[in-house]
Amino acid sequence: MKPKKTFAALFAAGVTTLALAACSSGATTSSAAGASAGPSATASAGMSASGEFGPGCAAVPTDPANPGSFDAMAKVPVATAAAGNPMLSTLVTAVQKANLGDTLNSAQAITVFAPTNDAFAKIPKADLDKVLADNATLTKILTYHVVSGKLAPDQLAGTHKTLQGGDLTVTGSGTDFTVNGTAKVVCGNVQTANATVYIIDSVLMPK
């Protein structure tokens, strides 16, 4: 029990530290571009009217009453939103095992790169089961998928510091983005109450 509390505490500290850094650095924070990051600035031919883009968005429920719909997810914090999305059930299980749900929900203004169930399925089952049973490794992997600041699509390309401490690099533009050269964004710019989510087709591994 003690290690879980320790990693959750470290994660919370990372959220606070990066949030403060984002507030003080105009070059790295999404707030610096807040005036230009609205729907009119990010809209493009491949985006929906509300800003989401990517082929994977077709799998998101359209009924606003469904907890996995864009409308419903926008009203709740990110871990709760992910729990309602049928594409992210394996990720939700991993977050629960690492005891990071409450920490993610209480974080302010973050970007989450969320691997789909199919992304986790690329990992051999024995290896995945081993990771899910190792709190230290699981926490490092999950926090590597979280970046401070709500990044709009026009802010996404570049290198970003993760809450795990390492960097990830996003390439692309418009509605076509790849993370670390391998993970494609299949449904991007999904809004939750406290995060912008980019759903990806591969699990990111920190160095």
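**Local features of a predicted protein chain**

At 40% relative accessibility, Gly172 counts as partly exposed, where buried means under 20% relative accessible area, exposed over 50% and partly exposed in between (1.4 Å probe, protein chains only). The model is predicted, so local features need pLDDT of at least 70 and side-chain atom pairs count only at pLDDT 80 or more, while totals for chains, interfaces and linings use all residues. Residues are numbered from 1 along each chain as its sequence is written, and side-chain values use heavy atoms, with hydrogens and water left out.

Gly172 is placed in strand 4 (residues 167-173). Helices (H or I, at least four residues) and strands (E, at least two) are DSSP runs, numbered from the N terminus. Leaving aside residues up to four places away in sequence, Gly172 touches Ala157 and Phe177, contact meaning heavy atoms within 4.5 Å. Between Gly172 and Gly158, which are 14 residues apart in sequence, the C-alpha to C-alpha distance is 9.0 Å.

The protein chain as a whole has nine helices and seven strands. Of its 207 residues, 44% count as buried. When contacts between residues at least 6 apart in sequence are considered, 66% of them join residues at least 24 apart.

The axes of helix 5 (residues 89-97) and helix 9 (residues 135-143) come within 9 Å and cross at roughly 125°. That angle makes helix 5 oblique to helix 9. Axes are lines fitted to C-alpha atoms, for helices over the stretch in contact, and angles run from 0 to 180 degrees between N-to-C directions. Angles under 35 degrees count as roughly parallel, over 145 as roughly antiparallel, 65 to 115 as roughly perpendicular and the rest as oblique. The crossing of helix 5 and helix 9 is left-handed, a term used if the near helix is turned anticlockwise from the far one by less than a right angle, with right-handed used if clockwise. Helix 5 contributes Leu91, Ala94, Val95 and Lys97 to the contact, and helix 9 contributes Asn135, Leu138 and Leu142. By class, the contact of helix 5 with helix 9 has five nonpolar, one polar and one charged residues. In this classification Ala, Val, Leu, Ile, Met, Phe, Trp, Tyr, Cys and Pro count as nonpolar, Asp, Glu, Lys and Arg as charged, and the others, Gly among them, as polar.

Side chains of opposite charge can pair when their charged atoms come close. The structure holds three salt bridges, each defined as a side-chain nitrogen of Lys or Arg within 4 Å of a carboxyl oxygen of Asp or Glu. Lys125 forms a salt bridge with Asp129, and the closest N and O atoms are 2.7 Å apart. Both residues of this pair, Lys125 and Asp129, lie in helix 8 (residues 125-132), four residues apart, which is about one turn of the helix. Lys125 is exposed, with a relative accessible area of 63%, whereas Asp129, at 37%, is partly exposed.

A salt bridge also links Asp167 and Lys161, with 3.4 Å between the closest N and O atoms. Asp167 is partly exposed at a relative accessible area of 42%, and Lys161 is partly exposed at 43%. The side chains of Asp176 and Lys184 likewise meet in a salt bridge (2.6 Å, N to O). Asp176 has a relative accessible area of 45% and is partly exposed; Lys184, with 31%, is partly exposed too.

Backbone angles were also examined. Most residues other than glycine have a negative phi, and most peptide bonds are trans. Asn99, although not a glycine, has a positive phi of about 55°. Asn99 lies in the loop between helix 5 and helix 6 (101-106) and is partly exposed, with a relative accessible area of 40%. Asn189 is not a glycine either and has a positive phi of about 60°. The place of Asn189 is in strand 6 (residues 183-191), and at 7% relative accessibility Asn189 counts as buried.

Ala121 lies in helix 7 (residues 117-121). With a relative accessibility of 58%, Ala121 counts as exposed. Ala121 and Val203 are 82 residues apart along the chain, and their C-alpha atoms are separated by 9.5 Å.
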